Amino acid sequence: MPTVLKDEKAFEAATQQENLSVVHFEADWAEQCAQVNEVLEALSSQKDYSNVKFYSLPAEDIPEVSLRFNIEAVPTIILFRSGKTVDIINGVDASKITEKVQKHNVHSDGESKVKDVPLEERLKSLINKSNVMLFMKGDRNAPRCGFSKQTIEILNNTGVQYETFDILSDEDVRQGLKTYSDWPTYPQLYVNGDLIGGLDIIKEMLASGELASTLNA
Amino acid sequence: MYSFLKKSEYSQGSGPVTQAEITNKLRQEFPQATRISVEDTSGGCGAMFNISIVTSEFKGLSVMKQHRLVYDILKEQIKNIHGLHLETRVPK
């Protein structure tokens with residue numbers, strides 16, 4: 001089973017390593033967490049991942065750490081290297097966990113090139129990726145939150161072309177965009193690079209008849 | 001796939017966000033409001049709120065700016081809740 005991190009000190013020591021460390025924020029009452037531990041156990045026994053360190057952390061017992069990473073639900077698996085968050089997986093998704101451990105186990109320079117692009121530039125290019133751009137939890141086929149789901153339904157009904165970005169897949173964008181746009185919640189809808197707002201505003205525009213014209217600007 | 005942590009059990013500070021806390025903050029910042037309604041729709045868990053504010057202090061601001069103003073005021077509270085529905089209006 002993954003090594004249990006008992007306190008903040010242990011967490012710091014584990015994640016500061018240069019090796020890829022996988023930290024599973026768990027709760028012993030959540031069935032899905034037992035499943036994730038099995039997945040991590042299986043990965044740890046594979047030769048390819050002999051340099052990867054696997055840990056579990058009882059989220060409710062170490063609030064200082066859990067709050068720092070805004071852990072709202074379990075299981076949440078965060079990958080670290082040298083104290084930096086490398087990736088996050090929400091929920092028991094064995095294939096995603098495996099894919100990400102595999103992806104980040106690579107020590108190539110190619111990886112660091114992507115991370116070196118300043119966040120603000122990344123945000124700007126993401127916002128302008130499509131005329132209508134939605135930052136949401138999940139994607140249009142599998143929204144991961146009620147607000148995001150409602151937004152997708154409304155957008156689909158308008159028939160407008162749009163693209164989405166899953167903020168659950170990238171913690172840097174998730175937090176960075178809130179600051180960049182001075183808007184604390186998701187989903188966030190942008191048209192031609194301008195923030196329109198969240199679900200409440202979209203619903204109001206729909207009711208007042210402004211939505212179609214705003215989206216097609 | 002996912003189980004929600006009982007945030008109120010381990011949050012630091014004075015526990016979950018309350019409807020009273022939000023209402024008081026809004027009353028403070030919008031002294032001219034003709035109506036402030038805050039409803040905890042999560043059954044008292046402080047996780048989801050419906051907020052409605054009618055005040056002349058919104059005059060001249062776009063809906064988005066009105067929402068942004070409220071979000072700024074409730075910055076600390078929003079950090080600790082799961083979500084909120086916001087309705088802002090100018091008195092007729």
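The following questions and answers concern a predicted model. Local features need pLDDT of at least 70, side-chain atom pairs count only at pLDDT 80 or more, and totals for chains, interfaces and linings use all residues. Residues are numbered from 1 along each chain as its sequence is written, and side-chain values use heavy atoms, with hydrogens and water left out.

Biologist: At roughly what angle do the axes of helix 6 and helix 8 of chain A cross?
Modeller: Helix 6 (residues 119–127) and helix 8 (residues 171–181) of chain A have axes, lines fitted to C-alpha atoms over the stretch in contact, that come within 10 Å. Helix 6 of chain A is therefore roughly perpendicular to helix 8 of chain A, a term for angles of 65 to 115 degrees. The axes cross at roughly 85°.

Biologist: Which residue of chain B forms a salt bridge with A:E204?
Modeller: A salt bridge is a side-chain nitrogen of Lys or Arg within 4 Å of a carboxyl oxygen of Asp or Glu, and the count between chain A and chain B is 2. For A:E204, the closest N and O atoms are 3.3 Å apart, and the partner is B:R89.

Conventions
Chains are lettered from A and ligands numbered from 1 in the order in which they are written. Axes are lines fitted to C-alpha atoms, for helices over the stretch in contact, and angles run from 0 to 180 degrees between N-to-C directions. Helices (H or I, at least four residues) and strands (E, at least two) are DSSP runs, numbered from the N terminus. Angles under 35 degrees count as roughly parallel, over 145 as roughly antiparallel, 65 to 115 as roughly perpendicular and the rest as oblique.
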